[in-house]
Amino acid sequence: MKMIKNTALLLVFLFALGCGNVLDKQPLDKLQGENLFSNPEGVKLYMANLYYQLPIEDFTFFRQGFNWNTGDPNNGGFAPAMVTDEAVHTEFGDFIGNDDFQWWDQGYKLIRDTNILIDIIPTLDVTDDERKALIGESSFIRAYTYFALVKRYGGVPLITSVQKYDGDVEALKVPRSTEKETWDFVLKECDLAIANLAESWPGGERRATKWVAYALKSRAALHAASLAKYGDRSPISGTAVDQKLVGLDKSAAAEYYKAAADASEAIMSSGKFALFRANPANPEEAANNYRLLFEDPNNAPEEVIFIKGYARPGSGTGHNYGIWFQPNQTANGWPHPGRMNPTLELMDAYESYDKPGASAPIVTTEAGNDLNDYNGFNASKQYKRYEGPNDIFKGKDARMWATMILPGTNWKGQKIVIQAGFIRPDGNAQIMGGEPFTVNGKTYYTYGAADRTQYSGFDTWGGNNTRTGVSFKKFLNEGVNVAPGWNQSITDFADFRYAEILLNYAEAIVESGTGDKVKGAKALNDIRHRAGHKTDIPLTIDNVIRERRVELAFENKRFWDLIRRREYHTTFNNTMRHSILPVLDLRVTPAKYIFIRTNVARSNPSTFDYKQYYRYIPGIGANGLIQNPQY
Amino acid sequence: MKTLKLHLFFLLLLLTGCSIDNYPAPDAQLFGTILDAETNEPVEQDIIRGSAIEYIEHGYESQTKQLMIFKNDGSYRNNLVFSNTYSIAPVRGNFVPVTPQDVQVNGATQLDLKVQPYIRVKDVKIEKVGTKVVASFKLQQTVINNVRKIGLYAHPEPTVGEPMRTALAEQEINAASDPNKTYRIELDQAANSNVLKTGSQYFFRVGAIIDAPESKFNYAKAVRLAL
């Protein structure tokens with residue numbers, strides 16, 4: 001009985017206590033929404049998180065996503081350039097798979113986070129200027145995000161305010177908008193950002209400005225215009241096409257090209273930007289300037305429009321270009337360097353100074369008629385012989401020397417040795433393997449040196465030596481010995497720079513056939529002058545695309561250029577990528593170098609499947625969306 | 001005793017918890033060949049980037065398209081199909097588009113797909129002449145569109161085709177073909193010496209592609225030649 005009484009009392013006591021709000025604790029380690037946004041510092045904090053999520057295709061971007069510098073950042077040194085004609089990996093032969101370059105959940109998470117801010121802006125107790133900046137910044141982020149979505153998926157659901165769950169799941173399902181509506185939304189958000197953002201931030205913060213928003217619009221509009229103009233190079237069919245969820249009408253090209261030209265023009269005529277060191281005295285100076293621009297984009301405040309910064313080594317704050325892409329000789333203790341191997345296709349694309357206006361493929365034989373012969377060494381051919389291992393590249397565009405480490409050039413105080421083998425005095429080739437060979441008392445090694453720490457090419461050991469004949473240089477800092485660990489590089493990345501805007505402008509002018517052609521040609525040639533060219537070339541689409549390939553190489557633009565111009569399926573149609581082999585020719589005394597154009601060793605042909613022009617939409621079973629064609 | 005009871009209880013739970021799932025396994029097979037409706041000959045195909053078969057299982061709201069591809073000889077087979085009714089159509093191919101047909105798939109179901117190929121590659125002769133492999137053939141197109149290009153493709157495997165070749169010779173046509181003309185393509189062995197080695201055998205196949213959206217190559221059968 002007493003037991004029952006006690007229990008009842010306890011229950012009453014607990015009941016009374018329970019009704020108080022003593023249990024409704026606020027978490028001590030988290031901020032409540034209203035507190036966060038009522039404080040300018042809180043807004044800044046929130047904004048930093050949005051910027052962090054922004055899909056910037058920088059050093060931490062590859063096929064599996066963005067910000068690949070936390071947790072386990074080991075991606076084997078795979079970079080987006082390696083699924084294009086810019087580069088191959090030392091080992092991996094992967095091409096584009098269905099699950100590559102997906103960005104759906106993260107995109108809508110960022111959109112939700114941005115919408116939370118957008119919904120609350122009208123209620124904030126801030127000055128009008130601050131409110132305008134918030135509107136501008138949040139539109140910019142939303143434009144950037146939807147641009148990343150539309151270029152992957154075509155038309156997507158446009159979620160423009162925070163969705164609230166009130167028990168009805170169906171109410172949360174928003175159907176896809178057409179691809180046209182989605183592009184128009186991106187451009188409209190850019191306009192909103194342009195109208196509200198200031199020209200700069202008082203403290204010079206790396207946040208969106210009016211000019212960054214213009215730059216985004218320039219890039220996005222050009223992308224849309226190209227899709228409209230060239231969509232029929234790869235026709236598609238299916239429900240998504242019938243409902244215009246993917247694909248643009250050809251007629252839309254004109255307005256998008258105009259939007260791209262206008263946005264670029266706004267930046268060009270602002271007087272705020274210029275090419276970094278636009279008039280070098282000679283190609284050597286041009287090469288050095290170009291290298292400085294990427295070694296640290298802060299060297300070139302006049303050229304860079306938007307920088308993603310890396311503050312300090314460490315998880316989430318550093319990246320891994322410095323360890324993966326050093327040549328083997330300067331690995332500095334890292335076990336797997338040398339993984340970005342620029343292709344012969346890219347080397348060929350650069351102009352030479354004595355033949356402006358055309359790619360200058362590297363001619364290796366006296367006959368010069370065998371550029372497409374990738375069959376390896378042929379004793380009956382008369383190969384051109386050179387004193388030095390990089391003499392064959394002399395006279396080519398300075399940017400090639402600043403983008404790649406060429407055989408026998410100096411890097412971090414060392415001569416980088418890249419050699420594929422030698423031709424014995426009897427005419428037999430010993431390439432990629434075999435024992436050292438002694439002739440006239442001098443011993444020759446296949447890879448140019450006795451020890452594997454003393455060369456950087458062709459040996460398969462560790463997957464550390466280039467298999468294309470050159471190593472990678474752009475973005476690497478010659479003055480820094482990167483520690484052999486994860487996320488130790490702090491090179492900043494220029495997401496938008498003035499040269500891209502000039503190229504966007506030139507392309508929009510030439511592709512649309514309208515606008516100021518003289519100014520378009522000047523934009524093109526200004527960039528070439530900065531690379532040490534003296535002769536102007538005419539504004540043609542081939543000249544613009546070649547210029548894009550070489551000027552923007554490895555800035556993760558080529559992938560999207562092939563996509564938007566619908567050139568991927570023709571560029572990669574059972575396509576091999578190629579190497580150039582520097583080989584020591586011992587048939588002559590003193591020995592000289594010959595070069596052999598060949599298929600990349602241990603590689604397979606790649607074929608781009610038409611359906612890859614759009615990514616598949618994940619989770620259609622739950623979200624009820626119409627899938628893209630052929631998935 | 002009490003523990004035993006408890007154990008028995010859980011054993012009972014375990015046994016009743018998992019009944020065998022009651023869905024039938026995919027117990028049907030679907031196979032056949034894509035045939036030229038006029039000649040009843042198989043229509044040659046590609047494996048990579050080739051024509052496909054789309055089929056939708058009836059009775060589900062999602063209308064999810066499933067996909068099969070053809071072998072080079074135009075045959076296809078799926079031995080793990082759920083018995084049901086399906087809407088089936090060959091799509092994005094080297095033939096005039098067709099509307100899907102509803103087919104009851106049950107047990108071993110043979111379904112030959114009759115189509116009108118865009119182009120028939122006829123009277124093919126592939127031979128070695130000196131250091132060259134020479135193909136001569138005629139084209140009979142069944143639609144008014146232009147023929148975009150013709151080609152001769154070589155590969156060590158019989159699955160040779162435009163997307164799978166180690167050597168090729170192509171000609172752009174971009175015009176309607178002439179049914180009486182003998183087309184001729186030469187593939188130079190010397191210029192492809194590392195992939196076409198003297199003394200080895202290779203498969204050669206002649207193809208032509210029509211200028212139509214999502215069209216694929218039409219072929220003649222691959223021919224094996226020793227070089």
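Helices (H or I, at least four residues) and strands (E, at least two) are DSSP runs, numbered from the N terminus. Residues are numbered from 1 along each chain as its sequence is written, while chains are lettered from A and ligands numbered from 1 in the order in which they are written. Because the model is predicted, local features need pLDDT of at least 70 and side-chain atom pairs count only at pLDDT 80 or more, whereas totals for chains, interfaces and linings use all residues.

The crossing of α15(A) and α16(A) is left-handed, a term that applies if the near helix is turned anticlockwise from the far one by less than a right angle, with right-handed used if clockwise. On the α15(A) side, Leu524(A), Ile527(A) and Arg528(A) meet Asn543(A), Val544(A), Glu547(A) and Glu551(A) of α16(A), contact being defined by C-beta atoms, placed from the backbone, that lie within 7 Å. This contact of α15(A) with α16(A) comprises three nonpolar, one polar and three charged residues; Ala, Val, Leu, Ile, Met, Phe, Trp, Tyr, Cys and Pro count as nonpolar, Asp, Glu, Lys and Arg as charged, and the others, Gly among them, as polar.

The residues of the contact of α14(A) with α15(A) divide into ten nonpolar, one polar and two charged.

Leu503(A), in helix α14 of chain A, counts as buried because it has 23 C-beta neighbours inside 10 Å. The cut-off for buried is 20 or more other C-beta atoms within 10 Å of a residue's own, with exposed at 12 or fewer and partly exposed in between, the C-beta atoms being placed from the backbone. Leaving aside neighbours within four places in sequence, Leu503(A) is in contact with Ile527(A), Val544(A), Glu547(A), Arg548(A) and Glu551(A).

Elsewhere in chain A, helix α5 (residues 128-153) and helix α7 (residues 210-230) pack at about 20°, their axes 11 Å apart. The two are therefore roughly parallel, the class for angles under 35 degrees, with over 145 counted as roughly antiparallel, 65 to 115 as roughly perpendicular and the rest as oblique. The residues of this contact divide into eight nonpolar, one polar and one charged.

Nine of the ten residues of strand β14 (residues 201-210) of chain B are buried, so β14(B) is largely enclosed by the rest of the structure. Eight bridges join β14(B) to the antiparallel strand β11 (residues 147-155) of chain B, pairing being defined by at least two DSSP bridges between strands. Tyr153(B) stands opposite Arg205(B) of β14(B). Four bridges link β14(B) with strand β16 (residues 223-226) of chain B, also antiparallel, and Phe203(B) has Arg224(B) as its bridge partner in β16(B).

Key. Contact = placed C-beta atoms within 7 Å. Axes fitted to C-alpha atoms, helices over the stretch in contact; angles between N-to-C directions.
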